[in-house]
Amino acid sequence: MSIHTHERIKYYDTLRFLAILGIIILHVSQVFHDAGLIGDKFYSLSEITRFAVPVFLMMTGALLLNRDIELRDFFKRRFTRIIYPFLLFLVIHRIVFYIIGVNYDPSYLNKIFSLPFSYNWYFWLIVGVYFFIPILNKVIQNSTMKELEYFVLVILGGSLFYQIMLYLHLVHSIDLSFFIGPISFVVVGYYLSVKEFDISVNKIITIALAIFIITSFLKIGGQLDMPYNLFHNYQATKTKIIKSSLDLAFVQLLQAGSLFVVIKYVHKSTAGVYSKIRQFLENNIINKFITSVSKASYGMYLMNNTFKLILGILLTGVVLSKPSAIFLWITTIIAVCILSWLVVVIIDRIPYLGKWSGYH
(Lines give C-alpha, C1' and ligand atoms only; values in the text may rest on other atoms or scores of the structure.)
Protein backbone atom coordinates (compact mmCIF):
# COMPACT_ATOMS: atom_id res chain seq x y z
CA MET A 1 0.00 0.00 0.00
CA SER A 2 1.15 3.53 -0.73
CA ILE A 3 2.35 5.64 2.18
CA HIS A 4 0.08 8.35 0.76
CA THR A 5 -3.09 6.33 1.30
CA HIS A 6 -4.77 9.08 3.32
CA GLU A 7 -3.68 11.94 1.08
CA ARG A 8 -5.75 13.16 -1.83
CA ILE A 9 -3.90 13.06 -5.12
CA LYS A 10 -4.58 16.36 -6.85
CA TYR A 11 -4.67 15.14 -10.43
CA TYR A 12 -7.19 12.44 -9.47
CA ASP A 13 -9.53 15.16 -8.22
CA THR A 14 -8.99 17.21 -11.39
CA LEU A 15 -9.81 14.20 -13.56
CA ARG A 16 -13.00 13.48 -11.61
CA PHE A 17 -13.95 17.16 -11.84
CA LEU A 18 -13.54 17.09 -15.63
CA ALA A 19 -15.35 13.75 -15.90
CA ILE A 20 -18.49 14.91 -14.09
CA LEU A 21 -18.44 18.19 -16.02
CA GLY A 22 -18.15 16.17 -19.22
CA ILE A 23 -21.14 14.00 -18.28
CA ILE A 24 -23.28 17.05 -17.54
CA ILE A 25 -22.27 18.63 -20.87
CA LEU A 26 -23.22 15.41 -22.66
CA HIS A 27 -26.59 15.12 -20.93
CA VAL A 28 -27.56 18.77 -21.36
CA SER A 29 -26.46 18.66 -25.00
CA GLN A 30 -28.62 15.58 -25.61
CA VAL A 31 -31.68 17.37 -24.20
CA PHE A 32 -31.04 20.50 -26.27
CA HIS A 33 -30.49 18.41 -29.39
CA ASP A 34 -33.68 16.39 -28.82
CA ALA A 35 -35.57 19.66 -28.34
CA GLY A 36 -34.25 20.95 -31.67
CA LEU A 37 -32.44 23.88 -30.07
CA ILE A 38 -29.04 22.81 -31.39
CA GLY A 39 -28.34 21.01 -34.66
CA ASP A 40 -26.26 17.93 -35.43
CA LYS A 41 -23.06 19.86 -36.06
CA PHE A 42 -23.20 21.76 -32.80
CA TYR A 43 -24.29 18.67 -30.87
CA SER A 44 -21.33 16.73 -32.29
CA LEU A 45 -19.01 19.02 -30.32
CA SER A 46 -20.13 17.24 -27.16
CA GLU A 47 -18.03 14.29 -28.39
CA ILE A 48 -15.06 16.19 -26.98
CA THR A 49 -16.36 15.29 -23.51
CA ARG A 50 -17.09 11.66 -24.34
CA PHE A 51 -14.05 10.76 -22.18
CA ALA A 52 -16.19 11.19 -19.05
CA VAL A 53 -17.32 7.64 -18.16
CA PRO A 54 -14.05 6.07 -19.36
CA VAL A 55 -12.11 8.43 -17.08
CA PHE A 56 -14.28 7.39 -14.12
CA LEU A 57 -13.44 3.76 -14.88
CA MET A 58 -9.75 4.62 -15.28
CA MET A 59 -9.86 6.25 -11.86
CA THR A 60 -11.28 2.99 -10.47
CA GLY A 61 -8.17 1.20 -11.70
CA ALA A 62 -5.79 3.87 -10.42
CA LEU A 63 -7.40 3.84 -6.97
CA LEU A 64 -8.20 0.17 -6.41
CA LEU A 65 -5.59 -1.94 -8.19
CA ASN A 66 -2.31 -3.14 -6.65
CA ARG A 67 -3.79 -2.84 -3.16
CA ASP A 68 -4.00 -5.25 -0.24
CA ILE A 69 -7.67 -6.24 -0.52
CA GLU A 70 -9.56 -8.08 2.19
CA LEU A 71 -12.69 -9.32 0.45
CA ARG A 72 -15.28 -8.69 3.16
CA ASP A 73 -14.03 -5.19 3.89
CA PHE A 74 -13.68 -4.38 0.20
CA PHE A 75 -17.23 -5.34 -0.71
CA LYS A 76 -18.70 -3.70 2.38
CA ARG A 77 -17.00 -0.36 1.74
CA ARG A 78 -17.22 -0.27 -2.03
CA PHE A 79 -20.78 -1.48 -2.49
CA THR A 80 -22.25 0.69 0.24
CA ARG A 81 -20.57 3.73 -1.37
CA ILE A 82 -22.41 3.13 -4.64
CA ILE A 83 -25.64 1.41 -3.52
CA TYR A 84 -26.80 3.87 -0.86
CA PRO A 85 -26.56 6.95 -3.13
CA PHE A 86 -28.12 4.99 -6.01
CA LEU A 87 -31.17 4.12 -3.89
CA LEU A 88 -31.52 7.64 -2.51
CA PHE A 89 -31.38 9.35 -5.89
CA LEU A 90 -33.63 6.66 -7.33
CA VAL A 91 -36.26 7.74 -4.78
CA ILE A 92 -35.64 11.43 -5.50
CA HIS A 93 -36.04 10.78 -9.21
CA ARG A 94 -39.28 8.88 -8.61
CA ILE A 95 -40.65 11.71 -6.46
CA VAL A 96 -39.85 14.21 -9.19
CA PHE A 97 -41.62 11.92 -11.69
CA TYR A 98 -44.70 12.02 -9.49
CA ILE A 99 -44.62 15.80 -8.89
CA ILE A 100 -44.30 16.73 -12.55
CA GLY A 101 -46.85 14.14 -13.60
CA VAL A 102 -44.71 11.78 -15.67
CA ASN A 103 -46.36 8.38 -15.96
CA TYR A 104 -44.83 5.03 -16.81
CA ASP A 105 -45.34 1.33 -16.16
CA PRO A 106 -46.51 1.02 -12.51
CA SER A 107 -44.63 -2.25 -11.98
CA TYR A 108 -41.85 -0.11 -10.55
CA LEU A 109 -40.10 -2.58 -8.26
CA ASN A 110 -40.29 -5.37 -10.81
CA LYS A 111 -38.34 -3.28 -13.30
CA ILE A 112 -35.43 -2.22 -11.12
CA PHE A 113 -33.01 -3.55 -13.75
CA SER A 114 -34.63 -1.59 -16.59
CA LEU A 115 -36.08 1.54 -15.05
CA PRO A 116 -36.17 4.60 -17.31
CA PHE A 117 -33.17 6.24 -15.64
CA SER A 118 -30.27 7.09 -17.90
CA TYR A 119 -27.76 6.45 -15.11
CA ASN A 120 -29.06 2.94 -14.54
CA TRP A 121 -26.68 1.26 -16.98
CA TYR A 122 -23.56 2.75 -15.36
CA PHE A 123 -24.57 1.61 -11.88
CA TRP A 124 -24.86 -2.01 -12.98
CA LEU A 125 -21.66 -1.70 -15.01
CA ILE A 126 -19.66 -0.54 -11.98
CA VAL A 127 -21.22 -3.28 -9.83
CA GLY A 128 -19.87 -5.83 -12.30
CA VAL A 129 -16.47 -4.15 -12.33
CA TYR A 130 -16.27 -4.24 -8.52
CA PHE A 131 -16.98 -7.98 -8.48
CA PHE A 132 -13.97 -8.53 -10.74
CA ILE A 133 -11.58 -6.08 -9.04
CA PRO A 134 -10.26 -8.51 -6.34
CA ILE A 135 -9.34 -11.05 -9.06
CA LEU A 136 -7.84 -8.47 -11.37
CA ASN A 137 -5.96 -7.01 -8.42
CA LYS A 138 -4.14 -10.32 -7.87
CA VAL A 139 -3.15 -10.39 -11.53
CA ILE A 140 -1.77 -6.85 -11.33
CA GLN A 141 0.06 -7.50 -8.06
CA ASN A 142 1.88 -10.45 -9.61
CA SER A 143 2.65 -8.82 -12.96
CA THR A 144 5.81 -7.08 -14.07
CA MET A 145 5.63 -3.78 -15.92
CA LYS A 146 6.28 -5.61 -19.20
CA GLU A 147 3.41 -8.01 -18.52
CA LEU A 148 1.16 -5.07 -17.67
CA GLU A 149 2.17 -3.36 -20.91
CA TYR A 150 1.34 -6.57 -22.77
CA PHE A 151 -2.13 -6.45 -21.20
CA VAL A 152 -2.57 -2.83 -22.34
CA LEU A 153 -1.31 -3.57 -25.86
CA VAL A 154 -3.80 -6.44 -26.25
CA ILE A 155 -6.58 -4.11 -25.06
CA LEU A 156 -5.63 -1.47 -27.62
CA GLY A 157 -5.01 -3.98 -30.40
CA GLY A 158 -8.22 -5.87 -29.68
CA SER A 159 -10.29 -2.70 -29.65
CA LEU A 160 -8.80 -1.59 -32.97
CA PHE A 161 -9.36 -5.05 -34.45
CA TYR A 162 -13.04 -5.15 -33.51
CA GLN A 163 -13.47 -1.59 -34.77
CA ILE A 164 -12.06 -2.47 -38.19
CA MET A 165 -14.06 -5.71 -38.42
CA LEU A 166 -17.29 -3.84 -37.66
CA TYR A 167 -16.46 -1.10 -40.15
CA LEU A 168 -15.69 -3.59 -42.94
CA HIS A 169 -18.66 -5.81 -41.97
CA LEU A 170 -16.36 -8.83 -41.75
CA VAL A 171 -17.39 -11.97 -39.85
CA HIS A 172 -14.74 -13.46 -37.56
CA SER A 173 -14.41 -15.89 -34.68
CA ILE A 174 -11.67 -14.18 -32.67
CA ASP A 175 -12.91 -13.66 -29.11
CA LEU A 176 -11.03 -10.98 -27.16
CA SER A 177 -13.90 -10.19 -24.83
CA PHE A 178 -11.61 -11.07 -21.92
CA PHE A 179 -9.84 -7.78 -22.66
CA ILE A 180 -12.38 -5.57 -24.43
CA GLY A 181 -14.94 -4.23 -21.98
CA PRO A 182 -15.19 -1.95 -18.95
CA ILE A 183 -12.06 -3.64 -17.55
CA SER A 184 -10.14 -2.14 -20.50
CA PHE A 185 -10.37 1.34 -19.00
CA VAL A 186 -9.72 0.04 -15.46
CA VAL A 187 -6.42 -1.56 -16.49
CA VAL A 188 -5.34 1.35 -18.70
CA GLY A 189 -6.09 3.77 -15.87
CA TYR A 190 -3.92 1.85 -13.43
CA TYR A 191 -1.13 1.53 -16.00
CA LEU A 192 -1.07 5.26 -16.73
CA SER A 193 -1.11 6.08 -13.01
CA VAL A 194 2.12 4.14 -12.41
CA LYS A 195 3.88 4.59 -15.75
CA GLU A 196 6.62 7.23 -15.88
CA PHE A 197 7.71 8.26 -19.37
CA ASP A 198 11.37 8.93 -20.06
CA ILE A 199 10.94 12.38 -21.62
CA SER A 200 10.42 15.84 -20.21
CA VAL A 201 7.13 16.65 -18.50
CA ASN A 202 6.16 19.40 -20.93
CA LYS A 203 6.90 17.20 -23.96
CA ILE A 204 4.69 14.46 -22.54
CA ILE A 205 1.88 16.97 -22.01
CA THR A 206 2.25 18.37 -25.55
CA ILE A 207 2.20 14.91 -27.17
CA ALA A 208 -0.76 13.73 -25.06
CA LEU A 209 -2.64 16.97 -25.72
CA ALA A 210 -2.12 16.55 -29.46
CA ILE A 211 -3.50 13.00 -29.26
CA PHE A 212 -6.49 14.23 -27.27
CA ILE A 213 -7.27 16.97 -29.82
CA ILE A 214 -6.88 14.64 -32.82
CA THR A 215 -9.01 11.86 -31.32
CA SER A 216 -11.67 14.37 -30.26
CA PHE A 217 -11.91 15.63 -33.86
CA LEU A 218 -12.13 12.05 -35.11
CA LYS A 219 -14.99 11.36 -32.69
CA ILE A 220 -16.76 14.52 -33.85
CA GLY A 221 -16.42 13.27 -37.40
CA GLY A 222 -17.71 9.86 -36.40
CA GLN A 223 -20.78 11.46 -34.82
CA LEU A 224 -21.46 13.29 -38.08
CA ASP A 225 -20.82 10.16 -40.19
CA MET A 226 -18.16 11.94 -42.20
CA PRO A 227 -15.83 9.97 -44.53
CA TYR A 228 -13.71 8.85 -41.59
CA ASN A 229 -16.71 7.35 -39.78
CA LEU A 230 -14.51 4.38 -38.96
CA PHE A 231 -14.17 6.34 -35.73
CA HIS A 232 -17.85 6.39 -34.85
CA ASN A 233 -18.64 5.19 -31.34
CA TYR A 234 -18.08 1.44 -30.99
CA GLN A 235 -20.68 0.79 -28.31
CA ALA A 236 -21.03 -2.47 -26.48
CA THR A 237 -24.78 -2.43 -27.15
CA LYS A 238 -23.91 -3.05 -30.80
CA THR A 239 -21.80 -6.13 -30.17
CA LYS A 240 -22.02 -9.53 -28.54
CA ILE A 241 -19.51 -8.55 -25.87
CA ILE A 242 -21.53 -6.88 -23.12
CA LYS A 243 -24.69 -4.81 -22.93
CA SER A 244 -23.99 -1.25 -21.82
CA SER A 245 -23.69 2.21 -23.31
CA LEU A 246 -19.93 2.24 -22.87
CA ASP A 247 -17.93 3.35 -25.90
CA LEU A 248 -15.11 0.85 -26.42
CA ALA A 249 -13.65 2.37 -29.57
CA PHE A 250 -9.88 2.43 -30.06
CA VAL A 251 -10.16 6.19 -30.49
CA GLN A 252 -12.07 6.43 -27.22
CA LEU A 253 -9.30 4.60 -25.39
CA LEU A 254 -6.77 7.02 -26.84
CA GLN A 255 -8.89 10.08 -26.07
CA ALA A 256 -9.51 9.16 -22.43
CA GLY A 257 -5.96 7.88 -21.92
CA SER A 258 -4.35 10.99 -23.39
CA LEU A 259 -6.45 13.26 -21.17
CA PHE A 260 -5.40 11.18 -18.15
CA VAL A 261 -1.75 11.76 -19.08
CA VAL A 262 -2.25 15.48 -19.73
CA ILE A 263 -3.79 16.09 -16.31
CA LYS A 264 -1.31 13.84 -14.49
CA TYR A 265 1.68 15.70 -15.88
CA VAL A 266 0.19 19.20 -15.79
CA HIS A 267 0.21 18.75 -12.02
CA LYS A 268 3.94 18.00 -12.28
CA SER A 269 4.88 20.86 -14.60
CA THR A 270 7.29 23.45 -13.22
CA ALA A 271 7.98 25.60 -16.30
CA GLY A 272 6.18 27.21 -19.21
CA VAL A 273 2.47 27.63 -19.84
CA TYR A 274 1.64 24.24 -18.33
CA SER A 275 3.07 25.31 -14.98
CA LYS A 276 0.74 28.33 -15.09
CA ILE A 277 -2.18 25.95 -15.53
CA ARG A 278 -0.92 23.88 -12.57
CA GLN A 279 -0.67 26.99 -10.41
CA PHE A 280 -4.24 27.92 -11.35
CA LEU A 281 -5.56 24.44 -10.58
CA GLU A 282 -3.70 24.36 -7.28
CA ASN A 283 -4.80 27.83 -6.21
CA ASN A 284 -6.30 27.43 -2.74
CA ILE A 285 -9.87 28.46 -3.69
CA ILE A 286 -9.89 26.67 -7.06
CA ASN A 287 -8.39 23.52 -5.55
CA LYS A 288 -11.01 23.45 -2.76
CA PHE A 289 -13.82 23.72 -5.31
CA ILE A 290 -12.32 21.05 -7.59
CA THR A 291 -11.82 18.74 -4.60
CA SER A 292 -15.39 19.25 -3.39
CA VAL A 293 -16.84 18.58 -6.84
CA SER A 294 -14.60 15.52 -7.11
CA LYS A 295 -15.93 14.19 -3.80
CA ALA A 296 -19.50 14.86 -4.93
CA SER A 297 -19.03 13.48 -8.47
CA TYR A 298 -20.89 10.17 -8.00
CA GLY A 299 -23.87 11.84 -6.36
CA MET A 300 -23.80 14.55 -9.03
CA TYR A 301 -23.79 11.86 -11.69
CA LEU A 302 -27.00 10.46 -10.25
CA MET A 303 -28.63 13.82 -9.48
CA ASN A 304 -28.00 15.49 -12.83
CA ASN A 305 -30.29 12.96 -14.50
CA THR A 306 -33.21 14.35 -12.54
CA PHE A 307 -32.38 17.80 -13.89
CA LYS A 308 -32.11 16.21 -17.33
CA LEU A 309 -35.69 14.95 -16.97
CA ILE A 310 -36.95 18.39 -15.89
CA LEU A 311 -35.07 20.10 -18.72
CA GLY A 312 -36.57 17.73 -21.26
CA ILE A 313 -40.05 18.78 -20.19
CA LEU A 314 -39.30 22.51 -19.88
CA LEU A 315 -37.69 22.71 -23.33
CA THR A 316 -40.47 20.85 -25.18
CA GLY A 317 -41.84 23.14 -27.86
CA VAL A 318 -39.43 26.00 -27.05
CA VAL A 319 -38.21 27.95 -30.08
CA LEU A 320 -35.12 30.18 -29.80
CA SER A 321 -32.74 31.93 -32.16
CA LYS A 322 -29.35 30.24 -32.51
CA PRO A 323 -27.43 32.77 -30.35
CA SER A 324 -30.10 32.56 -27.62
CA ALA A 325 -30.09 28.74 -27.74
CA ILE A 326 -26.31 28.62 -27.42
CA PHE A 327 -26.37 31.08 -24.51
CA LEU A 328 -29.10 29.05 -22.79
CA TRP A 329 -27.13 25.83 -23.43
CA ILE A 330 -24.02 27.23 -21.73
CA THR A 331 -25.89 28.71 -18.75
CA THR A 332 -27.87 25.48 -18.33
CA ILE A 333 -24.66 23.43 -18.15
CA ILE A 334 -23.31 25.75 -15.45
CA ALA A 335 -26.63 25.72 -13.56
CA VAL A 336 -27.01 21.92 -13.63
CA CYS A 337 -23.42 21.48 -12.50
CA ILE A 338 -23.77 23.87 -9.57
CA LEU A 339 -27.23 22.68 -8.54
CA SER A 340 -26.22 19.00 -8.68
CA TRP A 341 -23.16 19.78 -6.57
CA LEU A 342 -25.18 21.77 -4.03
CA VAL A 343 -27.79 19.03 -3.65
CA VAL A 344 -25.10 16.45 -2.89
CA VAL A 345 -23.25 18.74 -0.46
CA ILE A 346 -26.49 19.61 1.37
CA ILE A 347 -27.54 15.96 1.67
CA ASP A 348 -24.07 15.11 2.95
CA ARG A 349 -24.54 17.60 5.81
CA ILE A 350 -27.90 16.21 6.88
CA PRO A 351 -27.55 13.91 9.93
CA TYR A 352 -27.82 10.19 9.09
CA LEU A 353 -27.96 10.91 5.34
CA GLY A 354 -24.26 11.57 4.78
CA LYS A 355 -23.46 8.04 3.58
CA TRP A 356 -26.37 8.26 1.12
CA SER A 357 -25.13 11.43 -0.58
CA GLY A 358 -22.35 10.00 -2.75
CA TYR A 359 -19.97 12.59 -1.28
CA HIS A 360 -16.59 11.02 -0.50
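This is a predicted model: local features need pLDDT of at least 70, side-chain atom pairs count only at pLDDT 80 or more; totals for chains, interfaces and linings use all residues.
1. The largest nonpolar core has 97 residues, and L57 and M300 touch the most other members. Helix α1 (residues 10-34) supplies the largest share of this core, 12 residues. Beyond four places in sequence, L57 touches L125, I126, V129, P182, F185, V186 and L246.

2. Helix α1 is largely enclosed by the rest of the structure, because 20 of its 25 residues are buried. Its end C-alpha atoms are 36 Å apart, in agreement with the 36 Å that 25 residues should span at 1.5 Å a residue. Just after α1, G36 has a positive phi of about 75 degrees.

3. N304 belongs to helix α11 (residues 284-314). With a relative accessible area of 2%, N304 is buried. Setting aside neighbours within four places in sequence, the contacts of N304 are I23, I24, H27, V336 and S340.

4. The whole structure holds 20 aromatic pairs. One of them, F74 with F75, is edge-to-face, at 5.3 Å centre to centre and 75 degrees between the planes. F74 is buried at 3% relative accessible area, while F75 is partly exposed at 24%.

5. F289 counts as partly exposed at 32% relative accessibility; W341, at 19%, counts as buried, the cut-off for buried being under 20%.

6. K195 sits over the face of F197, 5.9 Å from the ring centre.

How values were computed
Residues are numbered from 1 along each chain as its sequence is written. Side-chain values use heavy atoms; hydrogens and water are left out. A nonpolar core is a set of buried Ala, Val, Leu, Ile, Met, Phe, Trp, Tyr and Cys residues joined through side-chain atoms within 4.5 Å. Buried means under 20% relative accessible area, exposed over 50%, partly exposed in between (1.4 Å probe, protein chains only). Helices (H or I, at least four residues) and strands (E, at least two) are DSSP runs, numbered from the N terminus. Contact means heavy atoms within 4.5 Å. The expected span of a helix is 1.5 Å times one less than its number of residues. Rings of Phe, Tyr and Trp (its six-membered ring) pair if their centres lie within 6.5 Å; planes under 30 degrees apart count as stacked, over 60 as edge-to-face and the rest as tilted. A charge sits over a ring if NZ of Lys or CZ of Arg is within 6 Å of the ring centre and within 35 degrees of the ring normal.
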